[in-house]
Amino acid sequence: MSTLPPCPQCNSEYTYEDGTQLICPECAHEWSASGEAEAANDDVVKKDSVGNVLQDGDTVTVIKDLKVKGSSLVVKVGTKVKNIRLCDGDHDIDCKIDGIGAMKLKSEFVRKV
């Protein structure tokens, strides 16, 4: 007999597998077969340019000149940024840089001190 989990919406025991998806024939609900693995990966680890794990409150340095969008300012190589906060999205670091103010950075352009 099948060891597939029942449908999370209607609890039907007649689920079947289609590639990486599980499908319920009674209510047509589709969900990922690796739902438990996705739930465990919700806490994504943010890493800097050399692979060090970043955490809230860390101090990092900028490894590349970064133009500030909408102004003529540039964040220079070697600029030290203290007390970072990690967030979701493309730019995953919230911080304040002396002389520039609050901004978001990508973790691929910083190195942990």
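**Briefing: strands, sheets and salt bridges**

Cysteine 10 is partly exposed, with a relative accessible area of 34%. This residue belongs to a predicted model. The chain has 113 residues, and 27% of them count as buried. One helix and 11 strands make up its secondary structure.

**Around cysteine 10**

- Cysteine 10 sits in the segment before strand E1 (16-18).
- Cysteine 10 and cysteine 24 are 14 residues apart in sequence. In space, their C-alpha atoms are 8.6 Å apart.
- Leaving aside residues up to four places away in sequence, cysteine 10 touches Cys24, Glu26 and Cys27.
- An unreviewed UniProt entry annotates residues 3-32 as "domain: Protein YjdM N-terminal".
- Residues 3-32 are 0% helix and 30% strand.

**The chain as a whole**

- Along the sequence, the pattern reads β-β-β-α-β-β-β-β-β-β-β-β.
- The accessible surface comes to about 7,900 Å². Carbon and sulfur atoms account for 47% of that surface.
- Take the contacts with a separation of 6 or more: 34% of them join residues 24 or more positions apart.

**Sheet E8-E9-E10**

- Three strands form an open sheet in the order E8-E9-E10, with antiparallel pairing.
- Strand E8 (85-86) and strand E10 (101-105) each have a single partner strand, so one side of each is left without a neighbour in the sheet.
- Strand E9 (residues 93-97) is joined to E10 by five bridges, and the two run antiparallel.
- Cysteine 95 stands opposite methionine 103 in E10.
- E9 and E10 form a hairpin with three residues between them. In the turn, glycine 99 has a positive phi of about 85°.
- In a regular strand, side chains alternate between the two faces of the sheet.

**Sheet E7-E4-E11**

- Another open sheet has three strands in the order E7-E4-E11, and its pairing is antiparallel.
- Its edge strands are strand E7 (80-81) and strand E11 (110-112), each pairing on one side only.
- Three bridges connect strand E4 (residues 60-62) with E11, and these strands run antiparallel.
- Valine 60 stands opposite lysine 112 in E11.

**Salt bridges**

The structure holds four salt bridges.

- Lysine 112 is partly exposed, at 29%.
- Aspartate 90 lies in the loop between E8 and E9, and lysine 106 in the loop between E10 and E11, so the pair ties together parts that are 16 residues apart in sequence.
- Aspartate 90 is exposed, with a relative accessible area of 55%. Lysine 106 counts as partly exposed, at 23%.
- Aspartate 94 is in strand E9 and lysine 104 in strand E10, 10 residues apart.
- Lysine 104 is partly exposed, with a relative accessible area of 43%.

Notes. Residues numbered from 1 in each chain as written. Predicted model: local features only at pLDDT ≥ 70, side-chain atom pairs only at ≥ 80, totals over all residues. Heavy atoms only, no water. UniProt positions renumbered as here; feature names shortened; annotations may be inferred. Helix = DSSP H or I, 4+ residues; strand = E, 2+ residues; numbered from the N terminus. Pairing = 2+ DSSP bridges. Buried < 20%, exposed > 50% of the residue type's maximum accessible area, 1.4 Å probe, protein only. Contact = heavy atoms within 4.5 Å. Areas by Shrake-Rupley, 256 points an atom, 1.4 Å probe, with all protein chains shown as cover. Salt bridge = Lys/Arg side-chain N within 4 Å of Asp/Glu carboxyl O.
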